[in-house]
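Here is a model to look through by question and answer. Each answer sets a value against the definition behind the word.

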Amino acid sequence: MNISESASHSESVREFILLGFPCSREIQVILFMFFSIIYLLTLMGNGAIICAVCWDQHLHTPMYILLGNFAFLETWYVNSTVPNTLINFLSESKAISFTGCFLQLYFFFSMGSTECFFLSAMSFDRYFAICHPLHYATVMTGRRCFSLVIACWVCGFLWYLVPVILISRLPFCGPNAIDHFVCDSGPLLTLSCAPAPMSKLTSYTLSSLIILLSFLFILISYALVLLVVLRLPLASSWQKAFSTCGSHLAVVLLFYGTIMVMHVSPGSSHFTSLPKIMTLFYAMVTPLINPLIYSLRNKDMKKALRKVLEKFKISLKVFGSRCRRNVG
């Protein structure tokens with residue numbers, strides 16, 4: 001991204017201050033403990049899904065391969081922001097370097113874009129499996145599923161590259177305080193010493209396009225699924241279709257409901273605390289809830305997670321016995 005060269009464009013700013021959540025030291029420590037628990041639970045939940053998909057042969061299907069990649073994405077999504085946020089809770093300076101800020105901006109938005117592509121791919125997979133079941137096995141082969149996964153990752157990481165480069169090349173002369181807990185494009189554009197209409201337009205356009213187009217694609221996919229499901233004669237078929245699609249639709253509504261308020265709604269910037277609350281929700285709360293939604297509503301995933309838990313218990317027993325032997 002040539003960020004190191006772009007740093008030379010700023011005359012005085014070599015780092016930014018992430019104000020985060022201004023409060024007393026005691027509250028900062030409490031928030032640190034609270035967010036640390038959320039962070040660990042998120043890693044454990046998504047890590048369990050990844051292990052289940054990798055270890056259980058019955059889950060080596062396009063639906064669960066996409067889900068496994070989605071869980072892997074969620075782990076890195078929280079890692080792009082939460083560790084630095086936790087450090088800032090206990091830090092006095094709350095500073096982040098110029099390069100570190102724009103790297104965080106790039107990875108945070110790239111992960112968000114990749115999530116939009118994966119949610120679209122998952123909805124397409126469910127549409128094809130339910131609406132065209134006879135052709136699903138021949139169309140959604142392992143090679144095509146692999147190509148779809150690679151396309152999601154590549155497109156996601158290329159989507160927001162241009163706005164990040166444009167913003168990083170703007171002059172930053174001071175002040176350098178960002179009223180947020182992450183490096184976001186909006187506050188950075190506000191801190192620029194020069195007007196940047198092209199950077200603002202590019203950033204807003206690409207953010208709105210990926211959110212609205214992917215959300216529209218998902219809605220159309222599930223509308224078609226609903227039409228097919230309503231024609232099914234058996235109630236058991238209805239239940240099976242809704243159980244596989246319901247969890248995914250719940251994740252879609254949680255994720256898109258918050259990012260639309262942040263990046264599409266033009267009036268969201270009038271409330272100073274809203275960006276923090278919305279970002280906190282889709283950057284930390286949603287990745288925590290997603291594994292619960294997928295595991296609670298999916299029988300195959302429940303069985304696979306039980307197997308993962310059994311293997312983990314066996315590994316702990318083996319490790320404990322070896323430790324006792326070494327001590328003895």
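Q: What makes residues 29-55 count as helix or strand, and how far apart are the end C-alpha atoms?
A: Over residues 29-55 the chain is 100% helix and 0% strand. Helices are DSSP runs of H or I with at least four residues, strands are runs of E with at least two, and both are numbered from the N terminus. The end C-alpha atoms are 38 Å apart.

Q: What kind of model is this, and how are residues numbered?
A: This is a predicted model: local features need pLDDT of at least 70, side-chain atom pairs count only at pLDDT 80 or more, and totals for chains, interfaces and linings use all residues. Residues are numbered from 1 along each chain as its sequence is written, and side-chain values use heavy atoms, leaving out hydrogens and water.

Q: Which spans carry the annotation "transmembrane region"?
A: The unreviewed UniProt entry lists 29-55, 62-82, 102-124, 145-162, 206-230, 242-265 and 277-296. UniProt positions are given in the numbering used here, feature names are shortened, and annotations may be inferred rather than shown by experiment.

Q: How many helices and strands does the chain have?
A: It has 13 helices and three strands.

Q: What makes β1 and β3 a pair?
A: Two strands pair if DSSP finds at least two bridges between them. Two bridges join β1 (residues 15-18) to β3, so the pair qualifies, and the strands run parallel.

Q: Why is the pair of Phe21 and Phe181 called stacked?
A: A search of the whole structure finds 29 aromatic pairs. Rings of Phe, Tyr and Trp (its six-membered ring) pair if their centres lie within 6.5 Å; planes under 30 degrees apart count as stacked, over 60 as edge-to-face and the rest as tilted. Phe21 and Phe181 have ring centres 5.4 Å apart and planes at 20°, so they are stacked. Phe21 is in the loop between β1 and α2 (25-55), Phe181 in the loop between β3 and α9 (185-191), 160 residues apart.

Q: What makes Phe108 and Tyr282 a stacked pair?
A: Their ring centres are 6.0 Å apart and their planes at 15°, so the pair is stacked. Phe108 lies in helix α5 and Tyr282 in helix α12 (residues 274-296), so the pair ties together parts 174 residues apart in sequence. Both are buried.

Q: Why does Cys23 count as partly exposed?
A: Cys23 has 36% relative accessibility, so the label is partly exposed. Cys23 lies in the loop between β1 and α2.

Conventions
Buried means under 20% relative accessible area, exposed over 50%, partly exposed in between (1.4 Å probe, protein chains only).
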